[in-house]
Amino acid sequence: MLKHEFLESIPLYALGVLDTAENLRMQEHLKQGCDICEPELRLFRETEARLPYALPDSPLPAELKEKLWDRIQREAPKRSRSMNWSLISIAAVIATLLIGGWWLLQTNRLLRQSDRELAVFRQQLMEQEKEIEWLRDPSVQLALLTGLDPAQHAKGKMVWNPQVSRGMFYANSLPPVSGDKSYQLWVIGKQGPVSAGVFYTDSKGAAVVTISRIEGTAEGALQFAVTIEPHGGVPQPTGSMVLAGKAL
Amino acid sequence: MTDSELISGIIKRERRAFDLFYERYAQIIFNLCVRILRDEAEAQDVLQEIFLQVWRDAGRFDPSRASVKTWLFTIARSRSLDRYRSRKTVTSRLEDQSEDQFQQIPGKEDLQGASVMQQYVRSALNRLSREQRIVLELSYYDGLTQEEIAARLKEPLGTIKSRIRAALMKLRSLFSGDETNAEA
């Protein structure tokens with residue numbers, strides 16, 4: 001439908017005489033905004049708003065104004081009640097905001113704590129990664145150590161990085177030693193054995209030794225051994241050798 | 001004080017603004033209520049409801065859409081017609097409009113004693129044809145649709161539509177002082 005067709009119906013729409021379908025069409029058209037119809041509609045509404053002036057006066061009771069004012073005053077308590085409801089609503093909103101704020105603070109605190117923990121874990125992970133970085137080196141060697149009298153059933157494994165003289169040693173089935181003795185691990189290089197530390201076993205004769213630093217040089221290490229030594233260890237091996245093996 | 005200033009006062013809950021607004025419009029609104037409802041007691045009740053609505057909804061008045069007067073008269077007409085329709089079937093509404101009622105708008109001879117505005121509007125209405133005045137009354141005061149008016153007057157719908165349109169166009173021209181179009 002063209003705009004001028006709507007325009008023709010504007011006076012009828014202003015008076016409210018259009019049928020339901022036409023009325024809905026016009027409402028839909030006006031809802032979309034029409035620069036032609038809207039000012040026209042306003043003018044026709046202003047025109048029809050003058051019609052009541054044509055009517056003869058009916059006797060308006062003088063007391064009607066006071067009656068009306070009384071009705072307005074009676075409405076006041078309703079307003080108060082609605083004000084109370086408004087206050088309750090405002091209080092509810094404030095309470096919700098406070099609870100929400102508290103929840104946000106708690107969540108924020110937990111998040112900060114989680115962040116701190118995450119930072120610690122990340123740091124630990126970095127340190128651990130650094131710790132095992134030497135394992136990724138292609139020069140890493142593996143040595144299998146076999147048990148000797150009096151520990152024929154004992155076994156050992158050494159993972160060794162000759163470049164940085166670092167390694168991990170695993171032992172199992174080692175017999176227990178008396179309280180004044182301890183096991184001592186040796187890295188044997190071109191210049192002889194160098195202590196890689198003293199260790200103690202668990203109830204199953206197992207032990208894990210991390211070798212991060214050895215005293216002296218282990219250059220050209222090819223063999224590894226475990227001896228039973230006096231408690232606390234000795235600079236050079238003196239006791240019985242219970243495990244020994246070469247790098248593969 | 002202008003109508004807009006009075007509405008602002010009512011929004012601020014000023015009794016004086018409300019009194020002035022009531023004094024300015026109560027009589028004309030009451031005339032409209034009586035005309036639509038044909039019952040003075042009921043018209044008094046509806047009049048109070050209209051002004052109560054003004055008191056409550058003054059804040060919703062949008063000056064960009066209509067003047068205060070148009071807004072007020074729209075409320076008054078709508079409330080009165082709703083009340084009237086609630087107690088009348090369409091058939092009884094059609095029967096209500098006796099031939100005598102079409103003479104309710106005072107003629108030229110009744111201008112004496114009327115306010116300037118009343119004289120002005122009545123003069124304009126008197127320049128419409130009788131047929132045009134009848135369709136305006138049936139639509140504006142009685143709230144009949146174009147089909148109902150056609151049925152009431154036993155005339156084609158198209159004729160009624162054209163007549164209503166022509167009547168309002170003529171009034172609009174008269175109110176705007178465009179005598180040329182008014183005579184068209």
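Author: Gladly! Let us start with a definition: buried means under 20% relative accessible area, exposed means over 50%, and partly exposed lies in between. Please keep in mind that this is a predicted model.

Reader: What makes B:Arg35 count as buried or exposed?

Author: The relative accessible area of B:Arg35 is 4%. The cut-off for buried is under 20%, so B:Arg35 is buried.

Reader: How do you know that B:Arg35 forms a salt bridge with B:Asp142?

Author: The closest N and O atoms of B:Arg35 and B:Asp142 are 3.3 Å apart. The rule asks for a side-chain nitrogen of Lys or Arg within 4 Å of a carboxyl oxygen of Asp or Glu, and the pair is counted as a salt bridge. B:Asp142 is buried too, at 1% relative accessibility.

Reader: Why is this pair said to tie parts of chain B together?

Author: B:Arg35 lies in helix α2 of chain B and B:Asp142 in the loop between α7 and α8, so the pair ties together parts that are 107 residues apart in sequence.

Reader: What about B:Arg24 and B:Asp3: what makes their contact a salt bridge?

Author: Their side chains meet at 2.7 Å, N to O, and the limit is 4 Å; the pair is therefore a salt bridge. B:Arg24 is in helix α2 and B:Asp3 in helix α1 (residues 3-11), so this link joins parts of chain B that are 21 residues apart in sequence. With 38% relative accessibility B:Arg24 counts as partly exposed, while B:Asp3, at 16%, is buried.

Reader: How do you know that B:Arg133 has no salt bridge?

Author: The nearest side chain of opposite charge, B:Glu137, is 4.8 Å away. A salt bridge needs a distance within 4 Å, so B:Arg133 is buried yet has no salt bridge. A polar contact of 2.9 Å does join the side chains of B:Arg133 and B:Asn126; the cut-off there is 3.5 Å.

Reader: Now for the two chains together: what makes the meeting of chain B and chain A an interface, and how is its size given?

Author: Contact means heavy atoms within 4.5 Å, and 59 residues of chain B are in contact with 39 residues of chain A. The size of an interface is often given as the accessible area lost when the parts come together. Here chain B and chain A bury about 4900 Å² between them, with 62% of it on carbon and sulfur atoms. B:Gln48, B:Leu168 and B:Arg172 supply 14% of the area that chain B buries against chain A, more than any other three residues.

Reader: How do you know that B:Arg172 forms a salt bridge with A:Glu40?

Author: The closest N and O atoms of B:Arg172 and A:Glu40 are 2.7 Å apart, and the limit is 4 Å, so this is a salt bridge. The count between chain B and chain A is five salt bridges. Across the interface there are also 21 residue pairs in polar contact, with both residues at pLDDT 80 or more. Helix α2(B) brings the largest share of the side of chain B that touches chain A, 14 residues.

How values were computed: Residues are numbered from 1 along each chain as its sequence is written. Chains are lettered from A and ligands numbered from 1 in the order in which they are written. This is a predicted model: local features need pLDDT of at least 70, side-chain atom pairs count only at pLDDT 80 or more; totals for chains, interfaces and linings use all residues. Side-chain values use heavy atoms; hydrogens and water are left out. Buried area is the accessible area (1.4 Å probe) that two parts lose on being put together, summed over both. A polar contact is a pair of N or O atoms within 3.5 Å; within protein, one must be able to donate a hydrogen and the other to accept it, and residues adjacent in sequence count only if both atoms are side-chain atoms. Helices (H or I, at least four residues) and strands (E, at least two) are DSSP runs, numbered from the N terminus. Buried means under 20% relative accessible area, exposed over 50%, partly exposed in between (1.4 Å probe, protein chains only). Lys and Arg count as positive and Asp and Glu as negative; His and the chain ends are not counted.
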